[in-house]
Amino acid sequence: MIATQAEMVEARVPMAYRDQCAHLLIPLNKCRQAEFYLPWKCENERHSYEKCEYELVMERMLQMQKIREKEANLKQPNKGGVAIGLIPKTANA
């Protein structure tokens, strides 16, 4: 469920917070105003909003990791499939 542009304007959501989690931020801000921003109030709304934001960050990180892996594969020509380790092996190992 994604909030529409009109809903976000009506709820006065700042531009920086208009993402896929804005539909959770709107009721959180209403609850905060109704409860005078007491930190122990609106815990369920805050938790659901923060979880949504965390999941968005994790999705972005996975996408960036895939992009970096793809770029690394394109830059490195195949060297016979042998990877060079970061830690050199000793003669006895």
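In this predicted model, Cys21 and Cys52 are joined by a disulfide, with the two sulfurs 2.0 Å apart. Cys21 sits in the loop between helix H1 (5-10) and helix H2 (22-34) while Cys52 belongs to helix H3, so this bond ties together parts that are 31 residues apart in sequence. The link is left-handed, turning -90 degrees about the S-S bond, and both Cys21 and Cys52 are buried.

That isn't the whole story on cysteines, as the structure holds two disulfides. The other pair is Cys31 and Cys42, with an S to S distance of 1.8 Å. Here the torsion about the S-S bond comes out at about -90 degrees, so the Cys31-Cys42 disulfide is left-handed. Cys31 is part of helix H2 and Cys42 falls in the loop between H2 and H3, which puts the two cysteines eleven residues apart and makes the pair a link between distant parts of the chain. As for cover, Cys31 has a relative accessible area of 17% and is buried, because the cut-off for buried is under 20%. Cys42, at 10% relative accessibility, likewise counts as buried. Count the bonded cysteines in sequence order, and the pairing reads 1-4, 2-3.

Key: Residues numbered from 1 in each chain as written. Predicted model: local features only at pLDDT ≥ 70, side-chain atom pairs only at ≥ 80, totals over all residues. Heavy atoms only, no water. Disulfide = S-S within 2.5 Å. Helix = DSSP H or I, 4+ residues; strand = E, 2+ residues; numbered from the N terminus. Buried < 20%, exposed > 50% of the residue type's maximum accessible area, 1.4 Å probe, protein only.
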